[in-house]
Amino acid sequence: GMFSTSADVDASAVVQLSYAGVSVATSPSMLFTLKQKVTHTPPVAANIYITLPTAPVYVGESFTLTIKANTGTSELYVSNHAVNFNSAYLEYVSFSTSAVFLASAN
């Protein structure tokens, strides 16, 4: 793929605008860096973790915060979580759960 797991990759691009098959505009070459792909080591013990957005989130946009549990070989009967945030900057919108579990959010 384009994203390296060992280092950032410098690249360049040119944008060309065509209309009816005819090139009508071309941008100057633009330089950018493809940041190194983040890799995580798999957990070795039971744990709970949160997955946050991996790209910038801008004012007015929504994002998903995912809470997952790795129970190893144990069954998960109940799990309670509190997600604290500054309401001056973020707004709670909704909650959803896997069909495997009973939902209870407040």
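Good morning. The accessible surface of the protein chain comes to about 9800 Å², and carbon and sulfur atoms hold 57% of that surface. Accessible areas here come from the Shrake-Rupley method with a 1.4 Å probe, and for residues only the protein chains shown count as cover. Please note that this is a predicted model, in which local features need pLDDT of at least 70 and side-chain atom pairs count only at pLDDT 80 or more, while totals for chains, interfaces and linings use all residues. Residues are numbered from 1 along each chain as its sequence is written, and side-chain values use heavy atoms, with hydrogens and water left out.

Let me begin with the overall architecture. The protein chain has six strands and zero helices, so that the order of elements from the N terminus reads β-β-β-β-β-β. Both kinds of element are DSSP runs numbered from the N terminus: helices are H or I with at least four residues, and strands are E with at least two. Of the 106 residues, 2% count as buried. Buried means under 20% relative accessible area, exposed means over 50%, and partly exposed lies in between, with a 1.4 Å probe and protein chains only. Among contacts in the chain with a separation of 6 or more, 30% are between residues 24 or more positions apart; contact means heavy atoms within 4.5 Å.

Strands β2 and β3 run antiparallel and are joined by four bridges; two strands pair if DSSP finds at least two bridges between them. One of the residues concerned is serine 18, whose bridge partner in β3 is serine 23. As background, most residues other than glycine have a negative phi. Alanine 20 belongs to the loop between β2 (16-19) and β3 (22-26), and alanine 20 is exposed, at 71% relative accessible area.

The next topic is aspartate 8. This residue sits in the segment before β1 (9-13) and is partly exposed, with a relative accessible area of 39%. Beyond its neighbours within four places in sequence, aspartate 8 is in contact with Thr33, Leu34, Lys35 and Gln36. For threonine 33, the C-alpha to C-alpha distance to aspartate 8 is 6.6 Å, although the two are 25 residues apart in sequence. The side chain of aspartate 8 also reaches the backbone nitrogen of glutamine 36 at 2.7 Å.

How many salt bridges does a search of the whole structure find? The search finds one. A salt bridge is a side-chain nitrogen of Lys or Arg within 4 Å of a carboxyl oxygen of Asp or Glu. The partners are the side chains of aspartate 8 and lysine 35, at 2.9 Å from N to O. Lysine 35 lies in the loop between β4 (30-34) and β5 (47-51) and aspartate 8 in the segment before β1, so the pair ties together parts that are 27 residues apart in sequence. In general, side chains of opposite charge can pair when their charged atoms come close. Lysine 35 is exposed, with a relative accessible area of 53%.

Serine 4 also lies in the segment before β1. Serine 4 and lysine 35 are 31 residues apart in sequence, and their C-alpha atoms are 7.8 Å apart in space. With neighbours within four places in sequence set aside, serine 4 is in contact with Val9, Gln36 and Lys37.

Is leucine 65 buried or partly exposed? Leucine 65 counts as partly exposed, at 31% relative accessibility. Apart from neighbours within four places in sequence, leucine 65 is in contact with Ile50, Thr51, Leu52 and Val83. Of these, valine 83 is 18 residues from leucine 65 in sequence and 9.5 Å from it in space, C-alpha to C-alpha.

Note on methods. Polar contact = N/O pair within 3.5 Å; in protein donor to acceptor, adjacent residues only side chain to side chain.
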